[in-house]
Amino acid sequence: MSMEVLLQQIVNGLVVGSVYALVALGYTMVYGILQLINFAHGDIVMIGALTALFTASALLGAGVPPILALVISIFVAMLVCAVIGVATERLAYRPLRNAPRLAPLITAIGVSILLQQIAILVFGRNYFSFPELISKTPIALGVVTITLNEIIIFFASIALMAGLLWLVHRTKIGTAMRATAENQKVAGLMGIDINRVIAFTFAIGSALGAIAGVMVASNYGQAHYFMGFMLGLKAFTAAVMGGIGNLWGAMIGGLILGLVENVGLIFVRGDYKDIFAFVVLVLVLIFRPQGLIGERVAERA
Amino acid sequence: MSRTNKFALAAVAVAVSVGLAACGKKEEPKQADAAPAPAPAAPAEVTVKIAHVGPISGQIAHLGKDNENGARLAIEEANAKGIVVDGKKLKFELVAEDDAADPKQATAVAQKVVDAKVVGVIGHLNSGTSIPASAIYNTAGIPQISPSATNPKLTAQGFPGVFRMVANDIAQGTAIGNFAVKGMGGKKIAIIDDKTAYGVGLADETEKAVKAAGGEVVIREALANEKEQDFKGVLTKIRAKNPDVIMFGGMDAQAGPMLKQMKALGIKAKFISGDGAQSAELIKLAGDAAEGAYATTAGLPKDKMPQGAAFYDKFKAKFNTDVQVYAPFTYDATNVLIAAIQKANSLEPAKIIPAIKSISMDGVTGPIAFDDKGDIKDGAVTVFQVKGGKWETVEIIGGPMPAAAAAPAAPAPEKQEEKKQ
């Protein structure tokens, strides 16, 4: 295969991978604190995408300029998702915090199905076209073609991840999050309001998920109620590949998964794309069961 | 550590299985609200049940309801005529059922209508539901006429009672392949399918026809599944082959974003797809990127159907909604079944089936006769193109004689109204 294809697939992979990474952060943050795999996270991403899609369409219809419509719709989606994230934690997971670990896991799958059904009721079963808020006119950079939309997705993801690292490592609430991840009971004794920290974690993770949802929908040009399932699974794969519970792991896992999927297409046909991605996951788990980076207990958050 | 990861793996397994289970889960069949209540038969009358099965719930519910209304209209007209068979006046009753476009539900519903002692079945809408259901109807010995299932396998099973009203995917794929090379001037063709029975079948037939027409298939690609949304990787490979035409065997929900992603990658190749993508929905999903895209359908466009306009008006007056796509075909299919009952002068399915086989009549969609396998004779395929945000007829390939003679002569493309909401 030619250089042109390789470079283009690397670009495709980095764009998709940065979105996977952003979604993976939602899984890994919750896992770090609660040791819970929040399978509803993919569907929160879906709710974010559909909320933003409908908000943006309504705003565009009212004559609002695209950039303003984008900003407002992302804000609305983040708010809606943060509320749903906190509400699921409060209503579904908190009552089970001391239950065996399988109970909240099954609950998470239930919440996932519940969110899909709610999305059907609110938005409908159709596929919806995502308005082109940022230009998707192809720009030729040497042999590689990219759109402004893709450039913004990639750099916004990187900026958001950097922001999250700053939040976790440099702020008071971040310190509280890390302390809670380390040992909930002791953190509680130190005067940290555990419930508030956990709710905050869900809010941040879900808001990031909302942004990721907008990115996915605008990148693919469409959204529908089932989109969260596969995306969630991929992001979860990315989190496990990098070492679940570890923020750096989620980011690197996401980028690697995106790259593997797209560069892998040079060797296999498109129908093997997902198989390729999951085979890589299995290989990583066989040879490095703790993930590529591993869960550094002291830093998980 | 390793415990954690075992747990994570187990969690993936749980999630996958639950997700798959969720995929298969569909709504319970709904009784069609408008189905006529079984009226107590008058002494001189015999009630004859005809089943219609299509997806009345789910993503293509609007198409299923459209088909059902076509059958309902035919039955009401037949009842108004007062058909007498074997000395008894017949009162037809529509048994309307929902298969949700789901193969599993289709077989359950098929058994249900067999148990309801129907004389014949109009349906199903999809190939994926018609094929498994046909085995049940065949065992029960009752005729099945599908208005719209295009997969060749349906009539290739050798079941004597299976018929279809439209050209199959061999005809459609051949038409796409020929048109891609001759009509669109493509020398290098790229073909993608969506891994479904319909998509792969259509893509295979297109590939054969492209080669036969002297074109070159430069790459054959496939998507991960019919829900995949990210086509950039596959399209990047295709772009490197620099094709003139990209053919996609699949549905509008993927063709729409595919057109958008082609545009974002700067791909200039022309695009053609089959009847799964020939919908107003495609134009909504692809937006500007749909402009210039081609797609075919099995059957004639409305303005080329011999009695198309009259039927469309009658349908609109009756149901206060426009025809979506295949209602004229279910209307004709129902009339074929009723005519066969009259011809056989019997209500026994064993006598009705040979009568359908030898039928020759004029329907609203054109002259109707079946070949030995049960496929419609001279099924037409129409090529459409998106122009100014609307599907317009470009060319009619094959089809019954009068329409075929009229079609290629028309120099300007005929205006075709949106077919689906």
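How many bridges join strand β1 of chain B to strand β4 of chain B, and do they run parallel or antiparallel?

A: Happy to walk you through it. This is a predicted model, in which local features need pLDDT of at least 70 and side-chain atom pairs count only at pLDDT 80 or more, while totals for chains, interfaces and linings use all residues. Residues are numbered from 1 along each chain as its sequence is written, and chains are lettered from A and ligands numbered from 1 in the order in which they are written.

Now to your strands: β1 (residues 45–54) and β4 (residues 120–123) of chain B run parallel and are joined by 4 bridges. Strands here are DSSP runs of E with at least two residues, helices are runs of H or I with at least four, and both are numbered from the N terminus. Two strands pair if DSSP finds at least two bridges between them. B:His52, for instance, has B:Ile122 in β4(B) as its bridge partner.

Both strands belong to an open sheet of 6 strands in chain B, with the order β2-β3-β1-β4-β5-β6 and mixed pairing. At its edges are β2 (84–85) and β6 (162–164) of chain B, each pairing on one side only. Helix α12 (residues 327–344) of chain B packs on this sheet, where it touches β1, β2, β4 and β5 (144–146) of chain B. Contact means that the C-beta atoms of two residues, placed from the backbone, lie within 7 Å. The direction of α12(B) makes about 165 degrees with that of β4(B); axes are lines fitted to C-alpha atoms, for helices over the stretch in contact, and angles run from 0 to 180 degrees between N-to-C directions.

Stepping back, chain B is assigned domain 1 (45–167 + 305–368) and domain 2 (170–298 + 380–406), with bounds from an automatic or database domain assignment. The centres of domain 1 and domain 2 of chain B, taken over C-alpha atoms, are 30 Å apart. Their contact takes 9 residues from domain 1 of chain B and 14 residues from domain 2 of chain B. On the domain 1 side, the elements giving two or more residues are α4 (127–140) and β13 (366–368) of chain B.

Finally, chain B also meets chain A: 39 residues of chain B are in contact with 42 residues of chain A. On the chain B side, α1(B) gives the largest share, 10 residues.
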